[in-house]
Amino acid sequence: MAPSPSPTSLAGLLLCVLFSAAAAAAARFAPADNHLLACGAAAPAVLPDGRRFVPDSGCASTRLRSPAPTISSAAPSSAPRPSPLHAAARVFSCRASYDLAVRRRGHHILRLHFYPFDPALAASRFHVGAGGLLLLHNFTATSPVVKEFIIPVDSDVLVLTFVPESGSTAFVNAIEFVSAPEELVDDIGTLVTPGGAGQIDGLSYQVFETLYRINVAGRKVTPFNDTLWRTWINDVDFLVKTGMSSSNYMAWSFSGRIAYPKDTRLMSREVAPDNVYNSARSVKSGSNLTWAFPVPAGSRYLVRMHFCDIVSKVLYELYFNIYVNGHLAVEDFDLSSATGFLAYPYYIDFVVDVEDEGMLKLAIAGSKKSQSHEASALLNALEIMRINKTSGGMDGDFPVALDTEYVMSKGIGEFARSLLCGFIFAGLFVVLFMLVLRLRAELRNSGTAWPWQPMDSGEGKLARAYQLVPSKTEY
């Protein structure tokens, strides 16, 4: 019979468990700004991933402004609710804005949840803008949808505006406004054109609308398993299987540990979770694998392709070509030279224009340089994001009036209160000044000198009663 563990060993085991739990909690991303609003709701909504969305009315860090009363609409009890966020909605009959406080400037993730549980909501047509940039133009939601944007924020308040079309209404079920980690958006990418591929910069100043997040050969990843609460879906519906032999490609699943670079924030689990690197599809040398995605025509896209060598037994076995919309983007890509390790995440950002075809195709093809007969090329995951066309909007410039500045949108009532406070302080100052003058006059009439003598510190230096020290206020 095995001896029972001693109290000392049990205490040591308990400490190890506690330290591991503390380390895991410390490693989880904690955004500086984390606005989670259940719009129109009377009580908080708690999601399966543990996040708590608070009602948009009475939130300390958020202010809802509208010249006309907004409507809090509750979903009928008979209506199906895919999410607790779909139990209510905020309905606007005219232009309305949310003022979202910003503690840390930089890139933020904005998610807008729409669930038209009522036919009137499904018929709504409206515009949505953030910080003066038009995100959604003539938008209508006939089914549940989440619109996600990654936006750079350089102010202390983000103004999110809803503008109904004439004779229509606008609505929203929930709002997420969360700080993004610095490593999520890179400034440099690879521009792919029919003439070749070259470097492009300035990406960190753009606004991105997420269209697809794909987990290649893997299961759906829900917000519960993603530190940035993203959803990744399987790729099978986007594979182009025409002329593809099943003997030339393979799906992989990895149960080992995904390694991340130490002492750097260039690559982390916030860029993509382990679950999307634990699976991949590969092709043999001389074969190719293609995915096709319907996208709006006439736009520019950011394509982020994720790679992690979970198929090789040693380094420097994989060499492959990458094609973006039929154009060669990278030739004889050597993943081992890019990372220096196996099971080590890596991604490449491609920028491509999609004109009239409305279809974005991505492909990997095995190179003759590959040393492995089993796999020559692989892909673990990919993301497709639409880039704003102009500085005024995702779809270009349109004559839609948006609230852009928090100071300009405070309203007449708040301006009047500020003006009244100014008059009160000015009046108090005048009264205080008159009292000082009267006191001096009385002292002069009584023959008493006004004691304006400096205080002697005892060392021939003046000791000041008050010292002004410059201070710095941190925001």
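Author: A nonpolar core is a set of buried Ala, Val, Leu, Ile, Met, Phe, Trp, Tyr and Cys residues joined through side-chain atoms within 4.5 Å. Buried stands for under 20% relative accessible area, exposed for over 50%, and partly exposed for what lies in between, using a 1.4 Å probe and protein chains only. The model is predicted, so local features need pLDDT of at least 70 and side-chain atom pairs count only at pLDDT 80 or more, while totals for chains, interfaces and linings use all residues. Residues are numbered from 1 along each chain as its sequence is written, and side-chain values use heavy atoms, with hydrogens and water left out.

Reader: Which residues have the most contacts inside the largest nonpolar core?

Author: They are Trp 291, Phe 293, Phe 307, Ile 322 and Phe 350, in a core of 52 residues. Strand β26 gives the most to this core, with five residues. A second, separate core has 38 residues, including Leu 133, Ile 151, Ile 175 and Val 207.

Reader: What is Phe 350 in contact with, beyond its neighbours within four places in sequence?

Author: Contact means heavy atoms within 4.5 Å. Among the residues that Phe 350 contacts are Thr 190, Tyr 301, Met 305, Ile 322 and Val 330.

Reader: What stands opposite Ile 322 in β25?

Author: Val 330 does. Strands are DSSP runs of E with at least two residues, helices are runs of H or I with at least four, and both are numbered from the N terminus. Two strands pair if DSSP finds at least two bridges between them. Four bridges join β24 (residues 320–324) to β25, so with at least two required the strands count as paired. They run antiparallel.

Reader: What makes Arg 51 and Glu 176 a salt bridge?

Author: The term needs a side-chain nitrogen of Lys or Arg within 4 Å of a carboxyl oxygen of Asp or Glu. Here the N to O distance is 2.5 Å, so the pair meets the cut-off. Arg 51 lies in the loop between β2 and β3 and Glu 176 in strand β14, so the pair ties together parts 125 residues apart in sequence. Both residues are buried. They also belong to one network, in which salt bridges that share partners join Asp 49, Arg 51, Arg 111, Glu 148, Glu 176, Arg 213 and Glu 383. The whole structure has 19 salt bridges.

Reader: How do you know that Glu 209 is buried?

Author: Its relative accessible area is 3%, and the cut-off for that term is under 20%, so Glu 209 qualifies. Glu 209 forms a salt bridge with Lys 147, with the closest N and O atoms 3.3 Å apart. Glu 209 is in strand β17 and Lys 147 in strand β11, so the pair ties together parts 62 residues apart in sequence.

Reader: Which element gives the most to the lining of the largest pocket?

Author: Strand β17 does, with five residues. The volume of this pocket is about 960 Å³, a volume being the space filled by probe spheres set on grid points joined across faces, edges and corners. On a 1 Å grid over the protein atoms alone, a pocket is an open set of points where a 1.4 Å probe fits, with protein on both sides within 12 Å along at least five of seven lines; lining residues have an atom within 4 Å of a point. Of the 33 lining residues, the closest to the centre are His 113, Val 145, Val 146, Arg 230 and Thr 231.
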